[in-house]
Amino acid sequence: MIAVDLPAADHRLVTLRHLERSDAPAWYAYLADPAVVEHTSWDLRSIDDLQANFDDYASAEPSSSIRLAVVLRDGGQLVGTIGFNAISPQHRTAEIAYDLAPAVWGQGVATSVVNAVVEWGFRHLGLLRIQATVLESNERSIRVLERCAFEREGYLRCYRQVRGRSGNFWLSARIAGVR
């Protein structure tokens with residue numbers, strides 16, 4: 001299920017590239033911001049907590065997670081990541097996940113890169129269903145998914161532990177060919 005071509009981000013501020021281990025300091029810097037992590041399930045105590053993720057992203061296994069870097073067109077600074085977790089080649093499904101630095105919030109970046117990566121997942125990875133689970137308090141991400149034609153399918157009570165507490169999540173999905 002690994003694709004050579006990367007999704008084309010058409011946003012004026014950002015582009016996408018492969019995530020690299022050298023991105024860890026910039027990634028951790030904004031994930032350590034309480035405003036960023038507040039509405040996510042990230043539970044990082046140090047930059048070392050990110051390192052295991054890179055091994056998974058580098059794997060050639062078809063079910064391995066895929067994570068891309070969202071970088072500024074001008075200067076190449078990492079301002080986010082986006083990709084797929086829980087990839088099932090058998091069922092042709094995946095879960096999309098993304099995060100952005102506050103410097104690019106409110107500028108349409110999330111909507112643009114989510115749309116680009118979802119379309120890429122359908123066309124290049126052959127996915128039929130892409131879902132997202134969003135912490136109920138994350139109104140911004142819920143709105144991004146709605147703008148990207150995801151349909152809310154359910155409410156998942158006590159779905160994941162969020163920094164030691166049970167978190168409730170909304171489940172939304174987009175199906176290939178449905179827009």
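Some ground rules. Residues are numbered from 1 along each chain as its sequence is written, and side-chain values use heavy atoms, with hydrogens and water left out. Because the model is predicted, local features need pLDDT of at least 70, and side-chain atom pairs count only at pLDDT 80 or more, while totals for chains, interfaces and linings use all residues.

Let's start inside. The largest nonpolar core has 48 residues. A nonpolar core here is a set of buried Ala, Val, Leu, Ile, Met, Phe, Trp, Tyr and Cys residues joined through side-chain atoms within 4.5 Å. Buried means under 20% relative accessible area, exposed means over 50%, and partly exposed is in between, using a 1.4 Å probe and protein chains only. Which residues have the most contacts inside this core? They are Trp27, Val70, Ile82, Phe84, Ile96 and Phe150. The largest share of the core, 8 residues, comes from α4. Helices (H or I, at least four residues) and strands (E, at least two) are DSSP runs, numbered from the N terminus.

Now look at Trp27. Leaving out residues up to four places away in sequence, Trp27 touches Phe54, Trp42 and Asp99, among others. Touching means heavy atoms within 4.5 Å. Phe54 lies in helix α3, residues 48–58. Phe54 is buried, at 4% relative accessible area.

Next, helix α5, residues 139–147. Its buried residues are Ser141, Ile142, Val144 and Leu145. They cover an arc of only 160° around the axis, so they sit on the same side of α5. That arc is taken from the directions from the helix axis to the C-beta atoms. What covers them? The cover includes β4, α4, β5, β6 and β7. Just after α5, Ala149 takes a positive phi of about 70°.

On to the cysteines. Cys148 is buried, with a relative accessible area of 0%. Cys158 is exposed, at 54%. How many disulfides does the structure hold? The count is 0, where a disulfide is a pair of cysteine sulfur atoms within 2.5 Å.

Last stop, Asn168. Asn168 is in strand β7, residues 165–175. Its side chain makes a polar contact with the side chain of Tyr155, at 3.2 Å. A polar contact is a pair of N or O atoms within 3.5 Å; within protein, one must be able to donate a hydrogen and the other to accept it, and residues adjacent in sequence count only if both atoms are side-chain atoms. Beyond four places in sequence, Asn168 also touches residues including Val134, Glu136 and Cys158.
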